[in-house]
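Subject: Handover of a structure, with notes

Dear colleague,

I am passing on the structure below, and my notes on what was found follow it. Please read them with the model open beside you.

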Amino acid sequence: MTKVLIKGLGLIGSSLARAIRIQHPDVQILGDDLNSASLDYAMQNQVIDQVVAKWDQVAEMDVIILAGPVSQIIKDIQDLSHQSLKPGVLITDVGSTKQTVMKAAQAFKDQTVNFIGGHPMAGSHKTGVWAGRANLFENAFYFQIPLNAASAQQLTKLQDLLAATNAKWLQVTAPQHDKIVAQISHVPHVIASALVNQTEATFQGDPLGMRLAAGGFKSITRIASADPTMWSAILLNNPTMIKEQLHQFQAELTTVEKWIEQGDQAAIFDFFKQAKVSRDQLGPDKVGAVPGQYDLFVNIADQVGALADVTRRVSQAGLNLVNLHILEIREEIDGILQLTFSTANDREQARQVLRDYEIITKGE
Ligand SMILES: NC(=O)C1=CN([C@@H]2O[C@H](COP(=O)(O)OP(=O)(O)OC[C@H]3O[C@@H](n4cnc5c(N)ncnc54)[C@H](O)[C@@H]3O)[C@@H](O)[C@H]2O)C=CC1
Ligand SMILES: O=C(O)C(=O)Cc1ccc(O)cc1
């Protein structure tokens with residue numbers, strides 16, 4: 001029987017465990033976590049089959065998934081390189097940075113260990129085993145970086161183990177990876193957190209300002225609610241790329257400041273126009289959707305009972321809804337509902353029965 005150890009049963013580790021369970025019910029999943037409440041929950045909800053303490057049964061493992069913060073993943077790799085392991089064991093991680101992880105994994109180069117650096121490009125600001133779900137990575141890119149040619153032979157084995165994630169596999173080099181994620185994930189995170197802190201400081205002694213923060217402010221700063229331990233480790237493991245991109249971002253801000261000072265209306269207009277054109281091309285967030293199917297995005301903000309009303313209308317019309325997802329565009333109010341249908345015709349009929357709701361058509 002295949003045995004998989006997951007070290008770190010948080011949002012990502014437990015989501016992978018749940019996905020493995022779906023596709024491979026015969027695989028035995030063992031879990032380790034610092035937090036005993038996480039382990040209790042994971043056992044009670046059959047996320048794992050057995051709790052292990054650190055490397056207790058590591059010599060019997062066929063696959064080891066390291067899913068703690070990046071700094072912990074690096075320590076785990078160093079530890080593992082001194083353990084007695086099953087020949088041909090497949091070790092992977094889920095860390096958000098890859099250069100320091102792949103460097104640490106060089107420790108395996110003289111062993112019969114297959115190491116594949118991994119990074120699923122989806123997740124949430126929520127943490128812990130409670131927030132995990134099997135379809136967290138559906139339609140999301142999942143980076144894979146094999147340590148060497150032998151590890152590259154195991155890429156499809158790992159893809160098969162995690163097939164129920166429905167992720168889209170992508171192979172890049174570690175520097176390519178870190179450069180991409182610095183700009184699209186790490187720098188935005190710093191900016192979101194800086195904006196929240198600066199806003200808090202601005203409204204010191206004037207709590208009304210903070211209470212009024214809504215809409216755009218909340219959507220651009222949602223990620224600042226993520227775990228500080230995880231994000232400290234990310235910044236310290238991708239320092240060069242993050243510093244470089246932050247530097248360029250600061251230059252952008254200085255330019256805008258200059259245009260405002262000069263009252264340069266044309267430059268300011270072009271700045272917003274260029275950003276709008278580029279952002280519009282991104283379309284709606286399709287992560288979590290079933291690929292190749294037909295999505296309808298319905299704004300249900302502020303409408304009490306709207307979720308039940310929408311699903312009742314769709315089911316009364318006899319339409320086959322294959323997925324329903326609440327996009328957390330706005331906190332505390334309902335947000336945008338993503339309805340996925342299996343045919344274009346069902347989507348058009350749904351558009352009709354929901355015509356008194358605001359339907360977002362961009363990117364369909
Ligand atoms: N949160 C996200 O959206 C994404 C996170 N990642 C990466 O995935 C990794 C895990 O992140 P999350 O699951 O979000 O965090 P999380 O905080 O939900 O889970 C991490 C888990 O690791 C456990 N842990 C920490 N140190 C440990 C140790 N020494 N031994 C055993 N368990 C330990 C914690 O108790 C916690 O349950 C991080 O490296 C992060 O960079 C990757 C993609 C998305
Ligand atoms: O919350 C979100 O939208 C995220 O962007 C989650 C996320 C966090 C870290 C990653 O390395 C990848 C994805």
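Helices (H or I, at least four residues) and strands (E, at least two) are DSSP runs, numbered from the N terminus. Residues are numbered from 1 along each chain as its sequence is written, while chains are lettered from A and ligands numbered from 1 in the order in which they are written. This is a predicted model, in which local features need pLDDT of at least 70 and side-chain atom pairs count only at pLDDT 80 or more, whereas totals for chains, interfaces and linings use all residues.

The overall picture

The secondary structure of the protein amounts to 14 helices and 12 strands, and its C-alpha atoms fill a box of roughly 65 × 55 × 40 Å along the principal axes. For 364 residues a compact globule would have a radius of gyration near 21 Å, and the 23 Å of the protein agrees with this; the radius is taken over C-alpha atoms, and the globule rule is 2.2 Å times the number of residues to the power 0.38. Of the 364 residues, 32% count as buried, where buried stands for 20 or more other C-beta atoms within 10 Å of the residue's own, exposed for 12 or fewer, and partly exposed for what lies in between, with C-beta atoms placed from the backbone.

An open sheet is formed by 8 strands in the order 3-2-1-4-5-6-7-8, with mixed pairing; two strands pair if DSSP finds at least two bridges between them. The edge strands, each pairing on one side only, are strand 3 (50-51) and strand 8 (168-171).

Strand 4 (residues 63-66) pairs in the parallel sense with strand 1 (residues 3-7) over 4 bridges, and in strand 4 the bridge partner of L5 is I64. Strand 4 is also joined by 4 bridges to strand 5 (residues 90-93), again running parallel, and there I64 has I91 as its bridge partner. Between strand 4 and strand 5 the chain crosses through helix 3 (residues 70-80) in a right-handed β-α-β crossover, a term that applies if, with the strands pointing away from the viewer, the path from the first strand over the helix to the second runs clockwise. From strand 4, V63 and I65 point one way and I64 and L66 the other way, and all are buried. Strand 5 in turn runs parallel to strand 6, joined to it by 3 bridges, and the partner of I91 in strand 6 is F115.

The ligands

A residue is near a molecule if its C-beta atom, placed from the backbone, lies within 6 Å of it. Around ligand 1 there are 30 residues, of which G8, G10, S96, G123 and T127 come nearest. Helix 1 (11-23), helix 3, strand 6 (114-120) and helix 10 (228-237) each supply at least two residues of this shell, which by class has 12 nonpolar, 14 polar and 4 charged residues. Here Ala, Val, Leu, Ile, Met, Phe, Trp, Tyr, Cys and Pro count as nonpolar, Asp, Glu, Lys and Arg as charged, and the others, Gly among them, as polar.

Around ligand 2 lie S96, M121, A122, G123, S124, H125, S185 and I223, a shell with 3 nonpolar, 5 polar and no charged residues.

Two loop residues

K54, in the loop between strand 3 and strand 4, has a positive phi near 50° although it is not glycine, and K54 counts as exposed because it has 12 C-beta neighbours inside 10 Å.

With kind regards
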